[in-house]
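Subject: Structure handover

Hello,

Here is the structure I promised to pass on. Please open it and keep it beside you while you read my notes.

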Amino acid sequence: MKRDKAYLVGIHRYSFKSGVPGEIIGVEIVKPDDKLEPRLCYHVRWHDQVEDWIAVDGGHFKIISFTDILNGNIPEVTD
């Protein structure tokens, strides 16, 4: 069995750290505030140790592997 780390890359120009792969370090249920419902989110950490939670159903990102990063296969910011 071969395992590889998973990375999230924001592909919308207004995505947080768009175009920069961040390692997915977990999946958690997050309730942003009292007015919103809890939602499933990726917990992401970037190379500068900044962390964020991004809704799984957000759609403005691609999931890639560490091997993709090494091979230069990082999705472009398209929107």
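Which residue in S3 is the bridge partner of Ile 24? It is Val 44.

First, the ground rules. This is a predicted model, where local features need pLDDT of at least 70, side-chain atom pairs count only at pLDDT 80 or more, and totals for chains, interfaces and linings use all residues. Residues are numbered from 1 along each chain as its sequence is written, and side-chain values use heavy atoms, with hydrogens and water left out.

**Overall picture**

The protein has one helix and five strands. Helices (H or I, at least four residues) and strands (E, at least two) are DSSP runs, numbered from the N terminus. Along the sequence the pattern is β-β-β-β-β-α. The C-alpha trace spans about 45 × 35 × 25 Å along its principal axes.

The protein has 79 residues, and 27% of them count as buried. Buried means under 20% relative accessible area, exposed means over 50%, and partly exposed lies in between (1.4 Å probe, protein chains only).

Now the contacts (heavy atoms within 4.5 Å). Take those in the protein with a separation of 6 or more: residues 24 or more positions apart account for 44% of them.

There are 10 positive and 13 negative charges, and their mean positions are 2 Å apart. Lys and Arg count as positive, Asp and Glu as negative; His and the chain ends are not counted. Each charge is placed at NZ of Lys, CZ of Arg, CG of Asp or CD of Glu.

**The sheet**

The five strands form an open sheet in the order S4-S3-S2-S1-S5, with antiparallel pairing. Strand S4 (51–55) and strand S5 (61–65) stand at the edges. Each has a single partner strand, so one side of each is left without a neighbour in the sheet. Neighbouring strands of this sheet are turned by 45 degrees against each other on average, direction ignored. Axes here are lines fitted to C-alpha atoms, for helices over the stretch in contact, and angles run from 0 to 180 degrees between N-to-C directions.

Two strands pair if DSSP finds at least two bridges between them. Here is how some of the pairs look:

- S1 and S2 run antiparallel and are joined by two bridges. Tyr 7 has Glu 23 in S2 as its bridge partner.
- S2 and S3 are antiparallel, with seven bridges. Besides the pair I opened with, Val 27 stands opposite Tyr 42 in S3.
- S3 and S4 are antiparallel over five bridges. Arg 45 has Glu 51 in S4 as its bridge partner.

**Residues to look at**

Start with Cys 41, in strand S3. Its relative accessibility is 4%, so Cys 41 counts as buried. Leaving out residues up to four places away in sequence, Cys 41 touches Gly 26, Val 27, Glu 28, Val 30, Trp 53, Ile 54, Ala 55 and Val 56. Cys 41 and Asp 57 are 16 residues apart in sequence and 8.2 Å apart in space, C-alpha to C-alpha.

Next, Pro 32. It is in the loop between strand S2 (22–30) and strand S3 (39–45). Pro 32 is partly exposed because its relative accessibility is 41%. Not counting residues up to four places away in sequence, Pro 32 touches Glu 37 and Arg 39.

At 19% relative accessibility, Ser 15 counts as buried. Beyond its neighbours within four places in sequence, Ser 15 is in contact with Gly 10 and His 60. Lys 17 is also placed in the loop between S1 and S2. Lys 17 is not a glycine, yet has a positive phi of about 55 degrees. Its relative accessible area is 26%, so Lys 17 is partly exposed.

Last, Gln 49, in the loop between S3 and S4. The hairpin of these strands has five residues between them. Gln 49 is not a glycine, yet its phi is positive, about 70 degrees. With a relative accessible area of 56%, Gln 49 is exposed.

Best wishes
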